[in-house]
Amino acid sequence: MNTPWNRREFLKGTSAATIAALAAGVPITSFLTSCNRRKANSSADTVILLWMAGGMAHTDTFDPKRYTPFSKGMKANDVLSTFKSIPTILDGVSFSDGLQSIGNVMDRGTLIRSYVAGDMGHILHSRHQYHWHTCYKPPQSVSAPHIGSWIAKELGSVNPVIPAFINIGQRFTLGEGEELKAFHTAGFLGSEYGPFLIPDPSSGLESVKPPVGMSATRFEKRNQLYNDLISKSAAGEFGSDYQKESLRRSMEQAYMLLKSPEAAAFDLNKEPRQSYDIYNTGKFGLGCLMARRLTEQGARFISVTTEYEPFKSWDTHDNGHTRLIDMKKQIDGPVSQLIKDLERTGHLDRTLIILASEFSRDMMVEGRPDLKVKEQVNQPDIIDDIKNYGMHRHFTDGCSILMFGGGIKKGYVYGKTADERPCKTIEKPIVIDQIHQTIYHALGIEEDANYVVEKRPFYTTPDGLGKAELELFT
Amino acid sequence: MGNTKNIISGKKITIVIIIILAIWFLRMIYISFDGPSTASSVFETFWLWRFFGRLHPLVVHFPVGLLLFAAILELFTLKKFDSPLRPGINLLVAAGVISAIISVAFGFLLSRDGNYEDDLSIHQWLGIGTTCLGLVSWFLLNRILRKNRLSLVKSYRIILFFSALGVSLAGHFGASLAHGNDYLSSTLPWTDDYTPAGSVNFELASFKNDTSKLTIKQEAELNVQVRAIFAHNCYKCHGAEKVKGELRLDRKNMVFKGGENGPVIVPGNARESELFRRITLPSSHKDRMPSKGKMLSENDIAVINFWIQKGAPWPDGPDKENVFKVAALPPRNPKLPPASGNMTNPVDRWTNQYFIKNKTSWPNLVDDGTYLRRIFLDIIGLLPSPQEIDAFTKDSRPDKRSLWVRQLLNREDDYAMHWLTFWNDALRNDYTGTGYITKGRYDITDWLYKSIKSNKPYQQFVKELVSPAEGSKGFVEGIKWRGVVNASQRTEMQAAQNVSQVFLGLNLKCASCHNSFISDWKLDDAYAFANIFADSTLEINRCDKPTGKFTDARMLWKELGTIDNKATVSVKRAQLAENMIKPENGRLYRTLVNRIWAQLMGRGLIEPVDIMDNEPWSQDLLDWMAFNFQQNKSDIKELIYLITTSKTYQLPSAGFKDPNKIVSQDYKFTGMLRKRMTAEQFADAAGSVIGPLFHDSLVKYKPVMQPGYVQSSPLFARASLVVNNTFLTALGRPNRETVSTSRESQANLLQALELTNGERFNSMIKKGAEDWKKRYKHSDVIIKEIYKRALGREAQPKEFEVAKKLLGNKPETDSIQDLFWAIMLLPEFQIIY
C-alpha cells in the first residue's frame with residue numbers, strides 16, 4: 001500500500017489541471033508550472049555574452065582566408081579576406097590582423113568556426129538577433145524570453161543585490177529599436193526577469209545610486225519617511241495582500257541595491273587608471289570593464305554589446321575593410337583583458353564568456369550559397385573604390401564564436417569552414433539550439449527546462465530538442 | 001441494582017450489538033485493503049504509524065456506532081434510569097469512549113500522511129471535543145452508579161446526547177474529507193448539487209468498492225478522462241503527428257494493439273501493463289514516460305490505474321471527439337431571480353443567489369471615498385480631484401452613485417483615453433513596434449479611439465475589425481516581418497489566431513501548427529479559418545512542413561454559417577463578420593462581458609479570460625449578462641453602468657495573500673479583487689496630482705485636434721497616447737507584439753528601481769515640488785493638499801506628524817519632493833481598494 005487513492009483529491013485535481021495560463025490580477029509566473037531544477041553538476045555560475053551586433057565577418061576576424069590587398073581594378077570575387085593573417089598562441093591557428101591580443105589568450109578558450117545561422121529569407125538583422133537571443137524565430141505567438149531571462153528565472157541572482165540579467169551598451173531609440181525591444185524581454189516569464197538596462201556604461205552608476213543630486217543622508221531619510229508613512233497609513237485596515245507585499249518587497253530590494261557597497265561595481269571611476277585605460281576603447285570596452293567588475297561582485301548574466309545601429313559598427317554595408325580596423329581596436333584590448341583579469345582573480349573557472357554575432361559577412365554571397373536571398377548591397381565585380389573593399393553582404397553559412405572559461409576546453413578549435421569561396425561550414429556545423437543548450441548545460445539548467453504557457457510547454461530551445469555540444473567541455 | 005432477569009436481557013442486547021459491529025468491522029477492513037493504490041510514492045513516515053493512521057477510518061466507526069447506540073438506548077430509559085438496558089448502555093458508553101480515544105490518536109497519524117486541508121481542522125476538533133464529552137459522560141455515569149448520585153442523571157444524559165451529536169457531525173466532516181463535501185448532499189434531490197443516480201457524471205465515490213461493476217455510462221466517462229490524460233501528456237509523441245515506438249494512444253485499436261514491443265495495457269492488471277510501469281518510473285529512469293516535460297500527476301496515475309484495473313473499458317462506436325471540455329456556443333437567458341428588498345440590479349440578484357448558495361452574507365458596501373476612487377479609475381482612468389471628492393461627499397441624492405457613474409461615462413474623451421489602453425493591448429495596436437519599419441503593420445488608433453469615444457455597438461466594432469475598412473485593417477492584417485516566417489505565423493494565420501483569441505476566448509495557436517494537444521481543434525480547422533483571410537487557399541503546413549493538402553475556408557462552428565470559398569478576401573471577411581456577430585454566437589458576447597467584468601472586478605467570471613471553455617464561478621450571471629448585452633444593442637457603456645452601479649461592485653475588495661487561490665478550483669467570489677494600477681493609471685494619477693510625466697512631443701495620437709474634443713480634466717498628455725518608453729515598460733505596459741489581455745499585478749525590482757531613481761519620475765516630482773513650494777508655501781497646506789489629491793482623504797494625525805517632521809515649518813523643495821515620492825509609492829496609492 002503506497003499512496004491511497006484519495007477520492008476527494010481526485011475529483012478536485014482532474015478539473016484543476018485544466019486551468020493553467022494567464023489571468024487578470026494574477027502574477028503570470030504563478031501559472032507557470034515546470035519541472036525545472038538545477039543539475040548537481042554545473043561548470044559555470046556566470047555568463048558574459050560579448051555581442052558583436054550587426055554581423056561580424058568571419059574571414060576578416062577569427063577565421064581568416066587568403067589575403068588580397070586592395071588595388072584599383074581588382075576582382076571582387078578574388079577577395080576572401082581584406083586583412084593579412086597573424087599567428088595566435090595556438091599552433092596552426094591564425095587570426096585576422098588587429099586581433100593580436102585576443103589571439104594571445106586563445107589558450108584559455110575555444111574557437112568555434114562552424115556556427116550556422118538560421119534561414120529567415122530576406123535578411124533583417126534584428127530578426128536574426130531575435131533568433132540568436134531567444135532561440136526562436138520571430139514572430140512568435142507568445143512572447144519568447146531572452147536567454148538572459150531564462151537564466152535569471154531558473155537560477156536567480158548570484159548576489160541578491162545585483163540584478164540577475166544586466167544588459168550593457170544598447171540604446172533602443174535608434175533604428176530598429178522596436179525590433180530590438182521585441183527580444184530584450186523576459187516575455188511570458190514576466191518582467192521581473194527582464195533585462196536591467198545600462199545603455200551607457202560610463203553612466204552606469206546612475207542606474208544604481210540614489211537619484212541625481214540626492215545625498216546619501218537624504219536618500220536614507222526618504223526611505224525612512226516611506227516606511228514611517230506606511231506603518232502609520234490608514235490603508236493598514238485593508239490588511240495584507242500579495243500585491244501590497246510585492247510592492248513592499250520590491251521597494252526594499254531597490255533600497256538595498258541602491259545603498260549596497262556592491263553597487264560600486266557599476267562605478268567605473270573606482271577602477272584604477274591604468275586598468276581603466278586598457279578597457280577604454282569606447283562604450284564596448286567600458287562595458288567589458290563593467291562586466292568584469294559585476295562578475296567579481298556576483299552577477300548572473302551580463303550582455304555587453306557593440307551597440308547595434310543600422311549601417312554602423314559591424315553592420316558594414318560599405319567601407320568594410322576600413323571600418324573593421326576600428327572595430328577590432330574596440331574589442332581586441334578589452335576582450336583579452338577581461339579574460340586575463342578574470343583568470344587572475346580566479347573567476348574565469350566559473351564564468352562562461354561567449355563572443356558571438358548574429359551572422360557573418362561575405363563580399364559576394366547573400367544568405368548562404370545554396371539558399372541565396374535578396375541582395376541588399378550592390379557589389380561591383382571590379383573594385384575601384386576602397387569603399388567597396390570589404391565584406392558587405394550578409395552570410396549565414398559560417399560564423400565564428402569564441403568561448404572562454406566556465407568549463408570550456410582550453411586552446412581548442414571546433415569546426416571548420418572552406419578555404420575558398422563560398423567559405424562555408426564544412427565540418428561540425430553547430431546551430432543556435434546547440435549553443436543555447438551548451439550554455440544551459442554549463443550552468444546546470446536541465447535540457448528540458450520548460451514552462452507551460454497557454455497550456456502548452458515552452459522549452460528553452462524549440463520543442464526542447466536542442467542538445468548541448470559536450471565536446472566543447474573539458 | 002435491578003434483578004437478574006433484567007441483567008440477562010441487557011447482556012443479550014449487548015452481545016447482539018457486538019456481533020453486528022464485528023461484521024461491520026470486518027467489512028471495513030476488507031474495503032480498505034482492497035482499495036486501489038498507486039505505485040509511485042515513497043515512504044516518508046514510519047510504516048507502522050502510517051498503517052495505524054490508515055486504520056482511523058474504520059476505528060472511527062466504533063465510537064460512531066457505540067455512542068450513538070448508547071444514546072438511543074438511553075432514550076428508552078428516560079422514564080426509569082434503572083432500566084434493564086442499563087448494563088448494556090454502561091458497556092456501550094465505556095467501549096465507545098475508549099475507541100473514540102483510539103480513533104483520535106489514529107486520526108492524528110492519518111492527518112500527517114494524507115493531503116487534507118480545510119475541512120480537516122473542523123473534523124479534528126469535533127473529534128477531540130466529542131471524545132472529551134464522552135469521557136465526561138462516562139465519568140458522570142460512574143459517579144451515578146457507584147455513589148448513587150442521581151442528581152447527576154440529567155447532566156449525564158445531556159452530555160451523552162451531545163457527544164452522540166458530536167460523533168455524527170465529526171463523522172459527516174470525516175466523510176467529506178474522504179468523499180468530497182457533497183457526498184451526502186448530492187443524494188438529496190432538493191439540493192443544488194444533487195446528482196441523480198443514473199447521471200453520467202463520474203462520481204468516484206460510487207466506485208469505492210472495487211468489486212462493483214461500472215455502469216456503461218460510468219465506463220464511458222472514465223474512458224474520456226483517461227483519454228484526456230493521454231491527449232494532454234502523450235499525443236505529442238504517440239498521436240497522429242508522431243508515432244514513437246510505433247505506439248499511438250489516440251485510437252482504441254491502436255492503444256490495445258500496443259507498440260513495437262507488444263501490448264502496453266493488460267486489462268485488469270495495472271502492474272503487468274507496460275504503460276503503467278513507464279508512467280510510474282522515477283524521472284531519471286530512461287524508460288520513464290512522458291520522456292520529456294512533466295511527469296504525470298498522482299491523480300492522473302491513479303485514474304489510469306483504476307481504469308486498467310477496471311478492465312480498461314473503452315466503449316465501441318465512433319471515437320468520441322470531445323475529450324476536452326468545450327463551453328456551449330448558443331446564448332442562454334436564465335430566468336432572473338426575483339428582486340428582493342434592495343436587490344434590484346440584476347447582477348445583484350444573481351450574486352445574492354450565489355451568496356445564499358455559498359452561505360456568504362452581504363457585508364456593508366464600501367464608503368463614498370473608496371467608491372468614488374474606484375469608478376474614476378475604472379471608468380476614466382483618473383483620480384477624482386479634491387473638488388470632485390467634495391462635491392460627491394456633499395451630494396445628498398440617494399442615487400448619487402449611479403448618477404456619478406453616468407456622468408463619468410459621459411466624459412467621452414476621458415473615457416476613450418482610458419479604455420484605449422485596454423483595447424490597444426488586446427488588439428496589439430501600438431504607435432511603434434516591429435513591422436512598421438518595413439511597412440508590414442498598420443496603426444488603427446484613430447479608428448479605435450473614435451469607436452470607443454462614440455461607444456460603437458460591439459457588434460459593429462467587431463464587424464469593422466474583422467471585415468475592415470482602411471482605418472481598422474491593422475488588426476487582421478497582422479504584423480509582417482521582412483523575410484520568411486514560420487507557416488503558423490503568416491499573417492493569415494495571425495488573423496485566425498487573434499480573432500479567435502480576442503473575440504472568442506479561444507486558443508488556436510497550437511492547432512495552427514499541428515492538431516492541438518490541448519483542445520479538440522485540428523490543424524485543418526485552423527487552416528480553414530485562416531483561409532477566410534487568404535487571397536488563395538493556403539497549403540496546410542504541419543510543423544512548418546508543407547503537406548500538399550488544402551482545405552476550404554470555413555467557420556470554426558458550422559452552426560454560425562458558411563463562407564464562400566471561391567469569394568475574394570473582402571467578401572469572405574464580410575461573411576465572417578456577419579456570422580461572428582449573430583446572436584447565436586453566444587461565445588462572442590460571453591467573451592466580451594467576461595473581459596469587461598475582469599477589468600472592473602479584477603478577476604473574470606472565467607479565468608483566464610482567454611480560455612472561455614473554463615467554468616465561470618456563476619454560469620447564470622455570465623449567461624444573463626451576455627444575453628442581455630447582445631439584446632441591448634451590445635452597448636458596452638451600458639454594461640459598465642450595469643456592473644459599476646451594482647452592489648456586487650460595491651462590495652469591499654478581496655485581498656489574497658496567495659495569488660494562486662485566485663484561480664484555484666474552489667475560488668469563491670466575495671467582492672472585487674484588489675487591482676494594481678496599470679502603468680497608464682499610475683502615470684496619469686501622478687500627473688494629475690503633481691505634474692505631467694510626459695512631454696507633449698511623446699504624444700503619438702492627438703484627439704485634441706479632433707472636432708468635438710472635450711477633456712474635462714486634467715490638461716496633460718495621457719499615458720495611453722504616448723509612445724512606449726522605459727517608464728511605462730517598467731510598470732507593465734506590454735510591447736504589443738502579441739495580443740495581451742491582462743497586466744502583471746505584482747511589483748518587481750526593476751519597477752521599484754525605475755520609481756526610486758528613474759530620471760523621468762524623479763525630475764517630474766522635483767519640478768512639482770518647486771511649483772508647490774511657490775504656490776502653497778506652508779507645510780500644513782502642502783500636507784493637506786497632497787493627501788487629498790493623492791489618497792482622497794485627510795492625513796491622519798500620526799501621518800501628519802511624520803510629514804510635518806520632514807517638512808518643518810519652512811518647507812524646502814527637497815523635502816516636498818521626498819514627501820511626494822513617499823506618498824506615491826504607498827500601496828494605498830498604487831492599489832485600487
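A crossing of two helices is right-handed if the near helix is turned clockwise from the far one by less than a right angle. In this predicted model, helix α14 of chain B passes helix α24 of chain B in such a right-handed crossing.

Helix α14(B) spans residues 400-409, and helix α24(B) spans residues 636-644. The two pack at an angle of about 155°. Their axes lie 10 Å apart. Angles over 145 degrees count as roughly antiparallel, and α14(B) and α24(B) are therefore roughly antiparallel to each other. On the α14(B) side, the contact is formed by B:V405, B:R406 and B:L409. These residues meet B:K637, B:I640, B:Y641 and B:T644 of α24(B). By class, the contact comprises four nonpolar residues, one polar residue and two charged residues.

Helix α28 of chain B covers residues 749-757. This helix is mostly covered, with nine of its nine residues buried. The buried residues include B:L749, B:L750, B:L753 and B:L755. Also buried are B:Q751, B:A752, B:E754, B:T756 and B:N757. The packing partners of α28(B) come from chains A and B. In chain A, the buried residues pack against β8 (196-198) and α7 (242-259). In chain B, they pack against α27 (726-730) and α29 (759-776).

Confidence was also examined for chain A. The average pLDDT of chain A is 88, and 90% of the residues score at least 70. Over residues 1-36 of chain A, however, the pLDDT is below 50. Beyond near neighbours in sequence, this stretch has 113 contacts in the model.

How values were computed. Residues are numbered from 1 along each chain as its sequence is written. Chains are lettered from A and ligands numbered from 1 in the order in which they are written. This is a predicted model: local features need pLDDT of at least 70, side-chain atom pairs count only at pLDDT 80 or more; totals for chains, interfaces and linings use all residues. Axes are lines fitted to C-alpha atoms, for helices over the stretch in contact, and angles run from 0 to 180 degrees between N-to-C directions. Helices (H or I, at least four residues) and strands (E, at least two) are DSSP runs, numbered from the N terminus. Angles under 35 degrees count as roughly parallel, over 145 as roughly antiparallel, 65 to 115 as roughly perpendicular and the rest as oblique. Two residues are in contact if their C-beta atoms, placed from the backbone, lie within 7 Å. Ala, Val, Leu, Ile, Met, Phe, Trp, Tyr, Cys and Pro count as nonpolar, Asp, Glu, Lys and Arg as charged, and the others, Gly among them, as polar. A residue is buried if 20 or more other C-beta atoms lie within 10 Å of its own, exposed if 12 or fewer, and partly exposed in between; C-beta atoms are placed from the backbone. pLDDT is the predictor's confidence in each residue, from 0 to 100.
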